[in-house]
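Reader: I'd like to learn how to read this model. Please start with the overall picture and then go to local detail.

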Amino acid sequence: MKPDKQTVAGIFQNERCFVIPLFQRKYVWNEEDQWAPLWEDIEGRARDHLRHTAAGVAGDPRSHFLGAVVLNVETTKGLGVTQSDVIDGQQRLTTLQIFLAATRDLGTELQAPEQVRGILERLTRNPGSEDGSRDSFKVWPTNSDQDVFRRVMSASSVAAVQELCSTWGFEPPLARAYLFFADAVRSFIAAGEDEADDRFGAIAMAIRGSLQLVAIHLEPGDDPQMIFETLNARGQPLLPSDLIRNLIFMQATGEENNRLYGEYWHHFDDDRAEEPDDKGENRFWHIEERQGRLTRQRIDLFIFHYLTMRTEKDIRIGHLFREFRDWHADSADSNEQLLIDLKQMSGHFRRIIEPDGSTRLGAFARRLRSLDTSTVHPLLLFLASIEKKPGKDAEVNRAIGYLESFLIRRFMCELTPKNYNRFFLGVLKHAKEAYRAENASVADAIRDELTRSKEDTARWPNDDEFEEGWCWRKLYVQSRPDRAVMILSALELAMRNTKNENVSLPSGLTVEHLLPQNGALSDYPYAPDEEYERDEDETIEEGREDMMHTVGNLTLLTGPLNSSVSNGVWSKKVPAIVEDSDLRLNAWLRNDPPETWHEGSIWDRSERLFEHAILIWPH
């Protein structure tokens, strides 16, 4: 194999076609993980060129490495274009072509300098080949992507690609990539005081001078299939945590490395989960976990939240290694101090993602999983780290109570979580400042931040708004029944007192609709007008639909009991629940239950349950 460092322009300037073999997967890159970081790299080098030009500095700015590609031996058939199979790096090469095409088309639309347009044309089309033919493209994707790739690369304008998506009825990843880069380039061209021509020129100079790849060319005798299997099948992909581990341990040698690994890191590799995941992985820290839009191995998620907690910065997980490296380089801590801290904090993180519910933090962490709000994890890590400090136990519990009330109330009032990442970074910063200050309360600092904003993106709903959301929100959603289970379980625990047996909630409880989703109207007639007030423009059927999934119509039952009473008539459902359910949530049915169940009954029960809710989640 022969490695060759080349610029992006150098890779694509010759008349050739990089062919993605049939055995390669289809295009899968996305905005968050790949397109946005790639554009940041491109934009950064373009800005460097603008600064150099403005300052009259000769030569290219520092180069930036975009990765490596592995290419098979070049072949040429007759008078056709030279071809080379892409063994590794097909996603990167395809994305670069999409970016170049979007920039080329935008250059035509905005009348970029002719020289720039000529460069972009040469980097995206092989001359002398029929337009739209395989040989006319610099990259030719695997079968499933060929039609979309051809149409997007040949569309010649942003409007044409948008029209294609409208025709298809969706945006394929290749089209979304094109539109993303077109929008990013347009914003870059429009920003700042520079002329548009200068900014197009800066992009062209970055492509030609400072954005580089390493092209590894196979030689005759190299087995491309074996190399592909090694890279993509048998080879273990490097996670950010792998790179971070290497960064830490490459700075020590011999026995010292063995000691540090054995004392502080081995648990990341050796701890086992009780059950393997669906891929057969049973190493606890290497099981994939979904948090919001993120699905990553637990060790990467831990380091991501740990670094956010330490830096108080809004970090992109796609830049995790780079962010960690830069932070560690500026840190005064030794490698051993860092490893000690990582080990301690990993224990706290495990309590958050695998909560047992026996502590206040554990109960909140369980409910947080249903809310699917991981942006609060850095703050929880900090609170967990000070929980056992002298005099901090009760204060941490109070702070967690504030956080849970804030999140539950916003959830029930259907307020947006979109600003949570930056909002909770601000809360974290003030909590840490209070911890470092004398005679300051961390819990009070958190409460003050939660109550400060009056905007929809960050306000803490008061009792009146909470009650309205409580009574009207359609809590049961088929795609996320766990959220209804979480709210109802909290009510069940709150209803218990010293007279009740201290029995933990059984696992596997299911949501039952007291007024069945498919119940007969003869068994569950509509509420009399005097018992239920609908909106003026709402039909009686719409009123029932509005109330069906609200908290007042929901309870918890075991799976077998739920199956036996579901859709049953009220007169038979009540005795069955009374006979077999020991939950406090259902105890009200034992004495003088209502003869019928309708919308008015649901509203009354919602209000009774709300009396418990404001005690569990006070403002």
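Author: Start with secondary structure. The chain has 25 helices and ten strands. Both are DSSP runs, numbered from the N terminus: helices are H or I with at least four residues, strands are E with at least two. This is a predicted model, where local features need pLDDT of at least 70 and side-chain atom pairs count only at pLDDT 80 or more, while totals for chains, interfaces and linings use all residues. Residues are numbered from 1 along each chain as its sequence is written, and side-chain values use heavy atoms, with hydrogens and water left out.

Reader: What does the C-alpha trace span along its principal axes?

Author: About 90 × 65 × 55 Å.

Reader: What percentage of the residues count as buried?

Author: Buried means under 20% relative accessible area, exposed over 50%, partly exposed in between, with a 1.4 Å probe and protein chains only. Here 50% of the 619 residues are buried.

Reader: Which backbone angle stands out at Asp 372?

Author: Phi. Asp 372 is not a glycine, yet its phi is positive, about 60°. Asp 372 sits in the loop between helix H15 (360–371) and helix H16 (377–386). Its relative accessible area is 21%, so it counts as partly exposed.

Reader: Where does Glu 414 lie?

Author: In the loop between helix H17 (393–412) and helix H18 (420–436). Glu 414, also not a glycine, has a positive phi of about 55°. Glu 414 is exposed, at 57% relative accessibility.
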